[in-house]
Amino acid sequence: MNRIAAVLLSSLTLAGSFATIASAETRADKPVLMASLEGKSNKTGWLAVLSEDKPKKKKQVKTNIHTSPIPRQLIDFTESVEAGTIIVDNSDRRLYHVLGNGTAVAYGISVGRDGFIWTGAEKVTAKAEWPTWNPPAEMRRREAKKGHILPKTMKGGINNPLGARALYLGSTEYRIHGTNQPSSIGHAMSSGCIRMANEDVEHLYAQVALGTQVIVRD
C-alpha cells in the first residue's frame, strides 16, 4: 500500500514539473492575456480583447433645445408707439417688445412661410403655460396629404410644437408661442404663428399683460 502511494506521489510530482516547464515556455513564446480590473479607464487582458480597445461613444444630449440661435438684445427704438406694444416684423424676422424711453427688446422669431404670412393688428386675448395644441382641421387635412398624420389634440410638453408658452391673438388661430424646433428661428417656416425659442417666449410672457397691442407688419 505504501509502495502504491509512493508511485502516485512520484507521478504527480513529475506532472507538476512538466506543467511548470510548459507554463514557462508558453509565457516565453506566447504571452497570455489576463483579465484585469485595475481601473475603469485602464483596460487590459480579456477586457481589452473583448472591447477591441475602442472607447464607448458617449450619448450626445441636446442642451440647446430651449435656446434661440439669435440672442435677444436690448436696442434703441425710436418709433412712436406706446410702451408695452409688441411689433412683429416679418422681413426682419424679429419681434420687438417696446419698453419706452427709446428702447425695446428684440427677439429672433420664425414667421409664416410662403402663403401663410400675414399682417394686421390684434390684441393678446389669452395666455397659457405649456399650452395644449389643437391643430385646425384644415391643417390636419393639408398635412395628411403629405403623409403626416397630426393628432386632434396634444397636451403641453417638451414635444409639443407650441413650446413652453403661448400668447393668443384676438379671435384668430394665430399665436406667439414657443417651439421645440429652435433651428427654425430666423426663418419663414410656420403656418402663420410667430415662433420664439422657449427661453425667449418665457421671458416675453412674464412681461406681457392681456390686452397688449400686437402689430404684425411686412
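Just after helix H3, Gly 147 takes a positive phi of about 90°, helices (H or I, at least four residues) and strands (E, at least two) being DSSP runs numbered from the N terminus. The structure is a predicted model, in which local features need pLDDT of at least 70 and side-chain atom pairs count only at pLDDT 80 or more, whereas totals for chains, interfaces and linings use all residues. Residues are numbered from 1 along each chain as its sequence is written, and side-chain values use heavy atoms, with hydrogens and water left out.

Helix H3 itself spans residues 137-145, and its buried residues are Met 139, Arg 142 and Glu 143, where buried denotes under 20% relative accessible area, exposed over 50% and partly exposed in between (1.4 Å probe, protein chains only). Seen down the axis of H3, these buried residues fall within an arc of 95°, so they line one face of the helix; the arc is that of the directions from the helix axis to the C-beta atoms. Arg 141 and Lys 145, on the other side of H3, are exposed.

For the chain as a whole, the secondary structure comprises four helices and 11 strands, and 31% of the 218 residues count as buried. Among contacts (heavy atoms within 4.5 Å) between residues at least 6 apart in sequence, 62% join residues at least 24 apart.

The average pLDDT, the predictor's confidence in each residue from 0 to 100, is 81 for the chain, with 71% of the residues scoring at least 70. Over residues 4-9 pLDDT stays under 50, and the model has zero contacts beyond four places in sequence for them; over residues 17-49 pLDDT likewise stays under 50, with 20 such contacts.
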